[in-house]
Amino acid sequence: MGAKSRREMLTMSSVGLGALALHSVFPMRTASKTRPHVILIITDDQGYGDLACHGNPLIRTPNMDRLHGESVRLTNCHVGPTCAPTRAALLTGRYCNSAGVWHTIMGRSLLRDNEITLADVFLENGYSTGFFGKWHLGDNYPFRPEDRGFQEVVRHGGGGVTQAPDIWGNNYFDDAYYHNGKPQRYEGYCTDVWFDNAIRFIQQNKNRPFFCYLATNAPHSPFNVSRQYSRLYDENDAVPNANFYGMITNIDDNIARLEKALQQLDLRDDTIFIFMTDNGTAAGFRNGQGFNAGMRGTKGSEYDGGHRVPFFIRWPNGNLQGGRDIERLTAHIDVMPTLIDLCGLRPPADAVFDGASLKALLSQSGLDWPNRVLVTDSQRVDHPVKWRKSAVMTDRWRLVNRDELYDMTSDPGQKNDAAAQHPDVVAWLREEYEKWWERVSKDFDDYCEIIIGSDHENPTCIVSHDWHGESVPWNQQQIRSGMTGNGFWAVEIARDGKYEFQLRRWPIEEDMPINSSIPASSPVPGGFQYPAGKEIRVTQARLKIADLDITIPVKRYDKAAIFIMELKAGKTFLQTWFSDDENQSRGAYYVYAKRL
């Protein structure tokens with residue numbers, strides 16, 4: 001944790017908004033009743049080419065297309081190549097690497113506790129704040145959305161429905177989700193549920209400024225969607241994945257529902273409405289099939305197809321409308337300082353953003369905007385590696401993986417390496433990367449500790465998804481298979497006292513013995529089906545935490561191995577083992593920790 005706590009940082013001031021913040025071109029809004037509402041929609045794994053308005057002849061997105069026609073569009077906007085890193089940067093205005101998030105699992109998707117979020121700032125400035133959908137920045141205190149500035153929360157667990165931290169057995173249809181931290185069953189398809197609850201939140205807060213962050217898990221895999229949508233694409237051989245496209249069309253229909261609600265509530269014109277996605281396409285372009293807007297790479301790639309995304313912003317009362325393109329280089333890190341500026345909010349004291357307010361750029365497309373150098377990368381390891389899957393970007397150039405150089409003005413498909421022809425540009429961009437690395441790498445050796453025994457969450461269920469280790473079971477299918485793997489959790493004991501730890505192979509919702517198998521689930525639309533849970537043989541359980549290392553026997557029908565111990569407050573590591581008589585072992589996928 002940094003030198004200042006989040007509460008200290010939340011003391012507001014009128015500091016500048018990033019290195020490129022410019023003078024305001026809109027009148028400053030100070031009275032809360034005159035501040036605009038804000039809706040930020042981010043979809044999951046939908047790429048720049050997965051919209052008809054971007055030239056895709058295969059997909060049906062009439063409502064996204066209409067929004068595109070009514071918005072100012074950032075056509076050279078970049079994010080992280082995968083999910084959680086994009087979300088960390090989006091919500092902090094800082095590079096994800098600085099914020100502790102450079103992976104989607106392994107405890108490296110947890111947003112550092114000392115980071116101030118966009119929701120924190122809106123809340124401190126008198127806004128109502130709501131979050132709906134995919135969070136992917138931590139499922140335990142102090143990382144949950146309700147810990148990070150959101151008052152109303154409906155979300156799934158982990159990085160997607162069916163992942164290990166998600167409620168057991170969820171499959172996109174009639175699932176249970178976390179409502180303000182408590183499991184609650186919902187009727188309907190996941191995307192419909194997120195929009196239902198977002199619309200309800202908007203209706204309840206129509207008379208005061210609100211910030212609604214709506215992050216769909218669709219169209220992330222598994223590609224589950226009703227036949228109503230997948231059949232639109234089934235018979236077109238050019239479509240790479242009918243279910244994937246169907247999930248996007250379902251999102252499109254929900255955007256129409258949201259737009260109708262805004263019209264009926266007379267909120268449309270004074271609402272800043274943003275639509276964007278979190279990385280390149282996951283299934284809209286494969287082996288030359290589909291559409292990728294001429295870009296190289298898809299989700300996870302350091303080439304533009306992995307991190308260039310759509311970004312539409314509409315605010316009629318703020319003169320942000322009319323279908324206008326801005327081609328200058330922008331990024332996810334610009335969103336927080338931009339919204340602070342547009343809404344006339346007081347930012348946190350001593351705020352330093354890596355991004356810049358785009359207010360002047362949005363209002364004057366011909367503005368003499370300074371040249372920028374931005375960096376994105378895809379680490380996906382426990383400890384970051386210099387130059388790994390990286391892109392150093394300017395309006396004109398991309399330096400990829402330290403050695404490849406592409407001139408985007410003449411080679412937007414990144415087919416011709418121009419490094420040999422422009423060694424001066426390579427040297428310059430390498431120098432810029434070195435400065436960036438020095439800035440973002442200062443806390444790489446630190447961990448983001450899950451807090452055990454806090455009044456905010458007790459008991460705490462920690463899951464193998466957040467192990468630090470080489471082989472990490474991060475979804476429920478892997479847990480059913482009995483995947484062999486292990487790692488440690490970085491934890492903090494909240495206070496001195498007696499603690500109970502229950503080590504489980506199956507979550508409490510399943511409530512089955514450690515050594516039992518379970519049947520397969522029934523298939524859902526899209527063909528997804530959980531496999532049968534494999535039986536494993538466990539005869540002893542071991543728990544290691546702080547200076548304690550304890551082993552106990554496990555009987556044939558035990559549902560949990562239970563340890564009770566005295567612990568001192570402080571940061572430490574927790575690791576578990578389930579072993580058989582032949583000393584073959586794996587970690588406990590679920591640990592329920594409770595301060596007694």
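Arg268 is buried in this predicted model, with a relative accessible area of 16%. The cut-off for buried is under 20%, so Arg268 falls inside that class. Glu70 counts as partly exposed, at 23% relative accessibility.

**Salt bridges across the chain**

Arg268 and Glu70 are partners in a salt bridge, with 3.2 Å between the closest N and O atoms. Arg268 sits in the loop between α7 (242-264) and β9 (271-277), while Glu70 belongs to helix α2 (residues 62-70), so the pair ties together parts that are 198 residues apart in sequence.

A second salt bridge links Asp325 with Arg73, and here the closest N and O atoms are 2.6 Å apart. Both residues lie in strands: Asp325 in β14 (residues 324-326) and Arg73 in β2 (residues 72-74), so this contact ties together parts that are 252 residues apart in sequence. Asp325 is partly exposed at 39% relative accessibility. Arg73 is buried at 10%.

Lys389 and Glu302 form a further salt bridge, 2.9 Å from N to O. Loops hold both residues. Lys389 is in the loop between β16 (374-377) and β17 (390-393), and Glu302 is in the loop between β11 (289-290) and α8 (304-307), so the pair ties together parts that are 87 residues apart in sequence. Lys389 counts as partly exposed, with 29% relative accessibility. Glu302 is buried, with a relative accessible area of 8%.

The table lists these pairs.

| Salt bridge | N to O distance |
|---|---|
| Arg268 and Glu70 | 3.2 Å |
| Asp325 and Arg73 | 2.6 Å |
| Lys389 and Glu302 | 2.9 Å |

Some salt bridges share partners. They join Glu70, Glu259, Arg268, Asp269 and Arg314 into one network. In total, the structure holds 35 salt bridges.

**A four-stranded sheet**

Now to the strands. Four of them form an open sheet, in the order β21-β29-β23-β26, with antiparallel pairing. The edges are β21 (460-463) and β26 (561-567); each has a single partner strand, so one side of each is left without a neighbour in the sheet. On average, neighbouring strands of this sheet are turned by 20 degrees against each other, direction ignored.

Strands of a sheet pair through backbone hydrogen bonds, either parallel or antiparallel. How many bridges join β21 to β29? There are four, and the two strands run antiparallel. Strand β29 covers residues 590-595. Within β29, Val591 is the bridge partner of Ile462.

How values were computed. Residues are numbered from 1 along each chain as its sequence is written. This is a predicted model: local features need pLDDT of at least 70, side-chain atom pairs count only at pLDDT 80 or more; totals for chains, interfaces and linings use all residues. Side-chain values use heavy atoms; hydrogens and water are left out. Two strands pair if DSSP finds at least two bridges between them. Axes are lines fitted to C-alpha atoms, for helices over the stretch in contact, and angles run from 0 to 180 degrees between N-to-C directions. A salt bridge is a side-chain nitrogen of Lys or Arg within 4 Å of a carboxyl oxygen of Asp or Glu. Buried means under 20% relative accessible area, exposed over 50%, partly exposed in between (1.4 Å probe, protein chains only).
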